[in-house]
Amino acid sequence: MMRALLALRSSIVVVIVVVLVPSITNSRGVNSSSDAPLTSIPFDLYHTSDALLKEIKSLVLRHPDTLAMETVKMGNRGYAAEVLVVTYDREMKHDNEKSKFRILMSFGQHGRELITSEVALQLLSVLAEEHNILNMDPVSITKELDNIVIKVVPMENLNGRKLVEAGDLCERRNGRGVDLNRNWGVDWGKKEKDYDPYEENPGTAPFSEPEAQIMRQLAKSFEPHIWVNVHSGMEALFMPYDHKNTTPDGHMSNLMELLLWDVNRIHFEEKCLVGSGGGLVGYLAHGTTTDYMYDIVKVPMAFTFEIYGDSEASSKDCFKMFNPVDKLEFNKAVNRWSEAFLTLFRLGPSRLATTAGLRKWDSTGGKVIDGSLESNKDNKIDGLDLGYQRANIDRQIEFELGLCGSKTVPLPLLFRLIFQTAELGILKA
Ligand SMILES: [Zn+2]
């Protein structure tokens, strides 16, 4: 029923967009003409990157039984990057992570999305049992976490984040201007009509960027069962694909969707957008991490969560558009998404195990040894799929809808958002 409703809603939106867009493509949108002062980073709410990483490192050192960390460094052509990776394992000393269910998560892949790294810190504090979440019993949570290993990258794009802190509040790319979520080897380099290098520069080649190389290496060695790429700019629960407007075929696709609906039902009153990024976000994205994780690394369940967006902010006011600016909204975002992630950790293994009929996880790969999961392989796209698939590129609309919020989006707001997002050179989430 919900899916039918969602499909209906999407259809309505598409119809409205198709009708309206031709007449408004030159509009700068109702908000962007505002002369309202731009929001600077409220450092009473947000950590600096240095302070956040320091706090996470201290947390890890306080909990050597369950947390560990490493800093991975790479560089090329005069550019260096480093990525902190935190591992949560309640049996850290036994070194048996490949026999457990494995989850890999990245936060802060885009510099301007500061809230995501704050969620990472909160989530790690909850996992370390330094912080309780109101609605959840910590004992029951930790028991269910016994059989999983989680690797968290709290700030994938440290160099880009530094540029944001230095005042370039709209910067999403890495320290040399490459979008790390366009630098991966599935459908890399394809440019849509609205291509804007300031937003989506894919780099000189797939994996030209050290940050992407580090993440690929991490994923290939860890072989996760679940991947989550955490972003902000809107609110939604996405699964593959980003580079086409469909979800993958087969059983795994159904499993992913079921799990997203679990999270949606438990935490968001079924109000989140759920489905393929390319089908729902309003633009296609090429060379994304999640598409690569699913198609090439063969992560059975690969997701992109968009955790916050202010649809009423001016598109020039990047901090406000991508991050909560008051304490109430800030706390709501970090707590509610930490809870949602705990649900993902709790239900992910059972969703996969129940279907596969297995409780033990293949120590040789991120794949459960079961024919039912073979469908994933059928969808393989070669490392570089430059066959330019024609897609619905006329829908260059980004929906900055707070659809995981508790309120429904009123129709007048929906119309206004469509006008706003029909601007040329729209910001990406
Ligand atoms: Zn993003």
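Tutor: Residues are numbered from 1 along each chain as its sequence is written. In this predicted model, local features need pLDDT of at least 70, side-chain atom pairs count only at pLDDT 80 or more, and totals for chains, interfaces and linings use all residues.

Student: What makes Glu306 count as buried?

Tutor: A residue is buried if 20 or more other C-beta atoms, placed from the backbone, lie within 10 Å of its own, and exposed if 12 or fewer do. Glu306 has 26 C-beta neighbours inside 10 Å, so it counts as buried.

Student: Where is Glu306 placed, and which feature does UniProt give there?

Tutor: Glu306 belongs to strand β8 (residues 301-308), a strand being a DSSP run of E with at least two residues. The unreviewed UniProt entry puts "active site" at Glu306; such annotations may be inferred rather than shown by experiment.

Student: How do you know that the span of helix α2 agrees with its number of residues?

Tutor: A helix is a DSSP run of H or I with at least four residues, and its expected span is 1.5 Å times one less than its number of residues. For the 14 residues of α2 (residues 49-62) that gives 20 Å, and the end C-alpha atoms are 20 Å apart, so the two agree.

Student: Why are the buried residues of α2 said to be on the same side?

Tutor: Ser49, Leu52, Leu53 and Ile56 are buried in α2. They cover an arc of only 95° around the axis, which puts them on the same side of α2. Exposed residues on the other side include Asp50, Lys54 and Arg62.

Methods
Arc of directions from axis to C-beta.
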